[in-house]
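Hi,

Here is the structure I said I would pass on. Have a look at it first, and then read my notes below.

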Amino acid sequence: MMKSYRAARRLTNGMVYAILAVLAVLWVLPILYLIVLSLREEPGAYTPYLLPKAYTLDNYTALFTDTALFNYPRWLSNTLFVAVCTCVISTVTILMISYCFSRLRFPSRRRFMNVGLIMGMFPGFMSMIAVYHLLKLVGLDQSLIALILVYSSASCLGYFIAKGFFDTIPRALDEAATIDGANRNQIFWKITLPLSQPIVAYTALTSFIAPFADFIFVSVIMKDNYQNYTIALGLYQMITRENLYRYFTRFCAGAVLIAIPITILFLCMQKYYVEGVTGGSVKG
Amino acid sequence: MKVLRRIGILFLAVVLVFCLAACNRNRGDGDVTKDTVELKVWGAQEDQEMLKAMVEEFKKENPDTNYSITFGVVGEKDTQTKILEDPDAAADVFSFPDDQMGDLIKAGVLYEITLDKAAIMSENSEGSVAAATVDNKLYAYPMTADNGYFLYYDKSVLTEEDVKTLDGMLAAAQKKNKKVLMDVSNGWYLASFFLGAGGSLGLENGKQTCDFNNEQGVAAGEAVKAFCAHPAFITGEDAILTGGIGSTIAAGVSGTWTADAIQEKLGDNYAATKLPTFTLNGKQVQMKSFAGYKLMGVNSGTKHPKEAMKLARFLTNEKNQLIRFEKRAMGPSNIKAAADEKVKANVALSALAMQNQYGVSQANVLNSSWDPMEAFGTAMEAKDYKKTVKEYLDTMVSQMAA
Amino acid sequence: MDYIDFTQLHPVRKAIVGVRRGIIGFPKTVGQFFGAIRRGIAGFFRGIGRLIAETVAAFVHGDFRTRLSFLILGLGNAFRGQIVRGLLFFLCEIGYIAYMVLFGSSFLAKIGTLGTETQQKVFDETEGIYIYTRGDNSMQILLFSVLSILLTLLFIGVYLWNIRSAYRSQQLQEQEKPLPTFRQDLHSLLDSRYHVTLLTPPVVLVTLFTILPLIFMVLIAFTNFDKDHQPPGNLFTWIGLDNFSAMFGGNEQLGYTFLNLLLWTFVWALFSTFSNYIFGMILALLINKKGIRFKKFWRTVFIITIAVPQFVSLMLMSQLLADEGAVNVLLRELGWISESVPFLTNGTMAKITVLVINMWVGIPYSMLITTGILLNIPEDMYESARIDGAGPVTAFFKITLPYMLFVTTPYLITQFVNNINNFNVIYLLTRGGPLTLDYYKAGQTDLLVTWLYKQTVEEQNYNLAGVIGVIVFIITATFSLIVYNSSASAKKEEEFQ
């Protein structure tokens, strides 16, 4: 009896391993293929064969040496700059908003929250022209600062998870601090924030990644200013119809290069990320 | 918290370094005197170096004026979108393919050219001038005459005789288990069947008119249907042609911009010619094509119209058209430049010249007409026959007119 | 079951009850929602009424210093020693007047017509060229008018606040109480009015970059701003509800396209949200199953795909799945197919493909998110279910799923709405294609947002895009407000802490 139970369990576990292995292959294979493509010597996006005939590292070196056409290092540093600033600004604002909605009670709090909720659902494309002209009015068009502003303001509305997280921190702590004479500002910085590492990390990570993904807002704001492109738009230029054949492998190399640091960042912060998002979305 | 603080410090450091770097870069632009003529030129990223060299020449030729000319990167394909987003931030001088003419004029961003009008019109080929004029008003400077398409083929697979007819070509390719590529789901290429069958496109009050759904047009549509259903047919964009030619693909329709890549792949077997004939109601009919041109326009909002025109005129003159040919293999619209020996010896350009005898101006095509044509092509490629060709074409034409 | 019974239930049972109640109570919630909107509007007008009453009272009972602040802002405060506060009010007034005189009024004056002067060109004989003079720019008139109106509303707020503040100070002085100093004002911003400090920067940002464009977009939907009426060459103007009537009835194909895309958008959002969610959960369950080793390794494998920026993996996928892409080449080399599989070029196939690829993109996320929550479900729940004879599948549907649905409602709503607006996946994979003649310039995988994008950027049909935008916005906003406010997590906000 015992034996067959164990055998059955071993069988199911075996099956689980098999499923996981198949899934893992499915998930990793495209990424591996991306790396293989980035090492391919022959140009072209489509080849009638699968594996490259010859391998080279030229695609990687060309990213940094052949910058007349595609200024990869410049775009990368632009993106890093925007990402870092956006990350700092939006983390601070999101935490401020969430703390405010979670801890403070003031008139129209509910109304503000509802407005925030629905504003986050507004499809951004129609706003692009308007935003561009507003930025131009204050002389910020075609600048990286404009991008930082736009990304930060967009992320303001994603306060839900962080608010959920703050809701889980016992209020008794605040009350104790108030009795000790702390004002709300001090409570926020000295009591709540230190307890919120996971959500800080989660928010920082998500807002850091956002500028790496957008290519549409950038193109509207930057227009003809090639030097101020970010990496997403820059890489997108490599695979337009005219450039696809010649620069596809270089696109792959560029993509791999930006994926590596983000992957490492993700792996390091994984623990916080999971804790933050679970803390934030669990509310029983 | 320690980890976070450390990350925070690192971030701040990065920001600081970058800010300092940015500040340094911005210095030194300030020495612009009062009577400086400031102009901005748009061109594709690939053309920037060439453009800069040309502008240096321009400055040398006009030493009396103090020019401050800046460059913006906008490829011809995106010109319309980028200008219309904000005409005031757009370049003073920009290049664009002629199918954007209609929309640009409608939006009022093209400066009507009056200086040297007669000279410009006589120096450039008839087609290119026609593409740049509307109602006898000249709106742009012809720049190239290569925005058309023709047939590339692999000499080791297809003979000169094979490529004369579409049927012959398909049969020969099928025998050797190879494909013939044409991007039928692209209105620009697709139209060659309809134009060949005598169809035409026109403009009426700024709206597109089109007769591709008449009797001849339906017959052409049936020819497209048969072509797409042929086992040797393959569709796809340029990257598929350049990727497969020489191995799986024997011939393909494309333009001069793929010439380098195809020549590289085919080597000695590289060949190009006009488009083949196709079977229309049992008779062989020559496929026509859009003979497109690239033009250079001046922004109607420019602060220095005369200088901008001077620059545009210079950038499109005979000498610079030849430079364009040498550096970027762009076919000249200037008659003298086109007659140059080197230009004539170019395989792709001479194939284009051959095809251009059957060329149709695309000045009458609105940019918004491509999507409905693409949709028809897509249906044919997908062998989606739930409606008749006639029904499809009726819808296509009505959407183009909308 | 009354409340006491409910609180004594096990959390998981509680969740199951909660979900059931939520579903049964849904119609009521919808009713409540509209009731709340009505109350909100009524409250808004009552508030305005109160403000007016207060202002009138201040004018009637105020002394000359208070009354002076009706004209010159901040004077009432400044006269009573609150110099900095008074100065700030005064600066607001100067700033507003300067803005209006120098910039705003010229646009605001033309909002009724959106401009009357078109671009002119006159031939200059001596120069030999035409001279262009720019006319009115309808788009800028509309946009900056909206900005001016918002600023005016803000100024009215400041104005009323100034009067109230002056009157309060007067009252305090009459009662011989000390007036708050500027230092005290600042201090209250860090404590009793801390929410003002925290919310001001985000509210400013959101107003400028989201609310203002939103109003702009809504207004565009009532104009004829399209390809034929573009600045600088042309003007556009108000045309009332014509765009809406064209969409719903006037133009048959437009309405047909809209309805079909709306349907597909919903199907897409529903499928992609739940497929990601459920499969992510199953994946998390598999990884966390007792006896499975290398949990961290498995998790890491899946996380790698999150870390590759989405646009890269999507562009890559669209290349791989193209008719001549690597997947087809592979299948052909294996001899499984002779003709390419039209993953992205056949309408139905493309729809399936984008859903599957979206799972590839999204499952690792939901795996991560559900992992932590799953671990919170006590093992003995499953144990007792097993004793009752329930297999793993029954346990999943009876215990895991209801509990998870209960606790992650906010996450699910956000996901659903994100998917309705999921531009990236569709645009980068198929660009909405394959195009079809059944639709008005739209493809078979186009969502409403990608259609909207094409209508603005590629077709310059801004008015049509405005209509689409307004409708998408109304749908998502109503939906999410109802669901969020009726979800247990919102209702129990207070009791949870």
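**What turned up**

Across the interface of domain 1 of chain B and domain 2 of chain B, the rule finds 0 salt bridges. Do keep in mind that this is a predicted model. What does turn up across that interface is 2 residue pairs in polar contact, both at pLDDT 80 or more. On the domain 1 side of chain B, helix H4 (101-106), strand S6 (141-147) and helix H16 (347-356) each supply at least two of the residues that touch domain 2 of chain B. Sorted by type, the residues on that side of domain 1 of chain B come out as 5 nonpolar, 5 polar and 5 charged.

To place those domains for you: in chain B, domain 1 covers 37-147 + 292-349, and domain 2 covers 150-290 + 363-401. Their contact takes 15 residues from domain 1 of chain B and 15 residues from domain 2 of chain B. Taken over C-alpha atoms, the centres of the two domains of chain B are 30 Å apart.

As for area, domain 1 and domain 2 of chain B bury about 1,100 Å² between them, with 54% of it on carbon and sulfur atoms.

**Chain C against chain A**

Here, 105 residues of chain C are in contact with 98 residues of chain A. Chain C and chain A bury about 9,500 Å² between them, and 76% of that is on carbon and sulfur atoms. Helix H9 (residues 194-220) of chain C gives the most to the side of chain C that touches chain A, with 20 residues. That side of chain C divides into 73 nonpolar, 22 polar and 10 charged residues.

**A hairpin in chain B**

One local feature to look up: strand S14 (residues 277-280) and strand S15 (residues 283-286) of chain B run antiparallel, joined by 4 bridges. B:Thr279 stands opposite B:Gln284 in S15(B). S14(B) and S15(B) form a hairpin with 2 residues between them. In the turn, B:Asn281 has a positive phi of about 50 degrees.

Cheers

Methods:
Residues numbered from 1 in each chain as written. Chains lettered and ligands numbered in written order. Predicted model: local features only at pLDDT ≥ 70, side-chain atom pairs only at ≥ 80, totals over all residues. Heavy atoms only, no water. Domains from an automatic or database assignment. Contact = heavy atoms within 4.5 Å. Buried area = accessible area lost by both parts, 1.4 Å probe. Salt bridge = Lys/Arg side-chain N within 4 Å of Asp/Glu carboxyl O. Polar contact = N/O pair within 3.5 Å; in protein donor to acceptor, adjacent residues only side chain to side chain. Nonpolar A, V, L, I, M, F, W, Y, C, P; charged D, E, K, R; others polar. Pairing = 2+ DSSP bridges.
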